[in-house]
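Here is a short report on one protein model. Please view the sequence and structure first.

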Amino acid sequence: DLEGQFHKLVEGLSDAKSTADMVTVLYGSETGNAEEQAKNLMQDIRARGLKAQVSSLDDFDFEELPNQKIVILVVSTCGLGEFPANSKQTWLKLQSQDLPM
């Protein structure tokens, strides 16, 4: 189940506690399902004493993405597999040929 998978994910973040790294949870959600899961995940991370922030993909400053040490993406498609509206711009930027690798 999804909740069990998130629980395992959070348990695996134990290294973040010792380095004080921020866990960035980004979501793409049309109907609110992925947003709700991302916010629940952030609360679980914080409950374990870790620093966490949550944002929709398009609201997060794309230029700051390379500065994040730990990033978790929670995205659910809508309709016939289309990208949620609040993640389309980020998806387009990620496909750019100009991105440094």
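## Basis

This is a predicted model: local features need pLDDT of at least 70, side-chain atom pairs count only at pLDDT 80 or more, and totals for chains, interfaces and linings use all residues. Residues are numbered from 1 along each chain as its sequence is written, and side-chain values use heavy atoms, with hydrogens and water left out.

Three strands form an open sheet. Their order is β2-β1-β3, with parallel pairing. β2 (51-56) and β3 (70-75) are the edge strands, each pairing on one side only. From one strand to the next, the twist averages 20°. Strands (E, at least two residues) and helices (H or I, at least four) are DSSP runs, numbered from the N terminus. Two strands pair if DSSP finds at least two bridges between them.

Strand β1 (residues 22-28) is joined to β3 by six bridges. Val25 stands opposite Ile72 in β3. Helix α3 (residues 33-47) lies across β1, β2 and β3. Its direction is about 170° to β2. Axes are lines fitted to C-alpha atoms, for helices over the stretch in contact, and angles run from 0 to 180 degrees between N-to-C directions.

Val10 lies in helix α1 (residues 2-11). Val10 counts as buried because its relative accessibility is 2%. Buried means under 20% relative accessible area, exposed over 50%, and partly exposed in between (1.4 Å probe, protein chains only). Leaving out residues up to four places away in sequence, Val10 touches Leu41, Asp44, Ile45 and Arg48. Contact means heavy atoms within 4.5 Å. Val10 and Leu50 are 40 residues apart in sequence, and their C-alpha atoms are 9.7 Å apart.

Thr90 sits in helix α4 (residues 88-94). Thr90 is also buried, at 7% relative accessibility. Beyond four places away in sequence, Thr90 touches Leu57, Asp58 and Phe62.

## Largest pocket

The largest pocket has a volume of about 150 Å³. Its lining is Phe62, Glu63, Leu65, Pro66, Leu94, Leu99 and Pro100. By class, the lining has six nonpolar, no polar and one charged residues. A pocket is an open set of points on a 1 Å grid over the protein atoms alone, where a 1.4 Å probe fits, with protein on both sides within 12 Å along at least five of seven lines; lining residues have an atom within 4 Å of a point. The volume is the space filled by probe spheres set on the points.

Terms used:
Ala, Val, Leu, Ile, Met, Phe, Trp, Tyr, Cys and Pro count as nonpolar, Asp, Glu, Lys and Arg as charged, and the others, Gly among them, as polar.
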